[in-house]
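Q: I am new to this structure and would like to learn how to read some of its features, one at a time. Could you take me through them?

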Amino acid sequence: MALGLDLEEKKGGNFLPVLKFDAKGGDFIVVNREPQSDGTWEKNELELATPFKAAVDFDNMEVGWISFKPGAVNFTMAKHGEKIPSRPTEDHKQGVRLRIFLKEHGVREFAHTSKNVLRALNSLHDEYVSAAPANPGKVAVVEVTGTETVKMQTKEQGELRFKVPKWRISGWMAPPAEFSGAASPASEKPAQPAPKAMPKAKPADDEEF
């Protein structure tokens with residue numbers, strides 16, 4: 001598979017702010033950590049309504065092993081295309097981590113270990129690989145229109161129902177400056193007036209957020 005992960009069912013530093021996806025409820029959740037006066041951090045979550053669009057940095061996508069164990073979240077990853085490291089512990093599951101850019105929420109980290117979500121991401125990545133050569137120097141703009149239900153039969157619990165994102169590549173755009181660590185426009189000081197010049201036309205194939 002394109003992600004280099006085994007998605008068949010079997011028995012048995014500095015951190016970016018996060019965009020989570022709840023595979024049971026089907027919600028996308030923006031997670032913000034805000035400093036408090038006592039030196040602690042408070043986590044605030046905001047549900048992100050669909051549809052929405054995001055620029056996705058597939059070029060720097062990571063695959064490997066992720067543990068979301070409370071209080072001990074850990075990533076053991078390699079850039080996609082490189083050798084995947086050994087599984088560190090039984091708590092670690094196969095997963096993917098990548099950066100996305102949301103117009104209203106900036107650069108976010110999206111990581112997941114659900115096999116159903118990874119299958120959906122695998123299909124999206126295949127779409128990216130097919131179209132990337134025709135869009136050099138650009139990143140994919142992914143439109144998330146909602147979710148769909150996936151049903152699974154288990155011996156222990158019978159039928160289980162999960163949600164996976166419904167998404168597609170809707171266009172391409174120049175990489176957001178935020179992907180390169182540039183300051184967000186909202187945090188920059190107003191620019192000084194510059195000599196007037198003829199505006200450059202935006203390429204017709206650049207996607208609008």
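Q: What volume does the largest cavity have, and which residues are the closest to its centre?

A: A cavity is a set of points, on a 1 Å grid over the protein atoms alone, where a 1.4 Å probe fits but cannot get out, and lining residues have an atom within 4 Å of a point; a volume is the space filled by probe spheres set on the points, which are joined across faces, edges and corners. In this predicted model, where local features need pLDDT of at least 70, side-chain atom pairs count only at pLDDT 80 or more, and totals for chains, interfaces and linings use all residues, the largest cavity has a volume of about 130 Å³. It is lined by 14 residues, and Val56, Ile100, Phe110, Val142 and Trp167 are the closest to its centre. Residues are numbered from 1 along each chain as its sequence is written, and side-chain values use heavy atoms, with hydrogens and water left out.

Q: How many aromatic pairs does the structure hold?

A: Rings of Phe, Tyr and Trp (its six-membered ring) pair if their centres lie within 6.5 Å, and planes under 30 degrees apart count as stacked, over 60 as edge-to-face and the rest as tilted. The structure holds 6 such pairs, among them the tilted pair of Phe21 and Phe28, with 4.7 Å centre to centre and 45 degrees between the planes. Phe21, Phe28 and Phe52 form one aromatic cluster.

Q: Are Phe21 and Phe28 buried or exposed?

A: Buried means under 20% relative accessible area, exposed over 50%, and partly exposed in between (1.4 Å probe, protein chains only); both Phe21 and Phe28 are buried.

Conventions: 1 Å grid on protein atoms, 1.4 Å probe; cavity = no way out; pocket = protein on both sides within 12 Å on 5 of 7 lines; lining within 4 Å.
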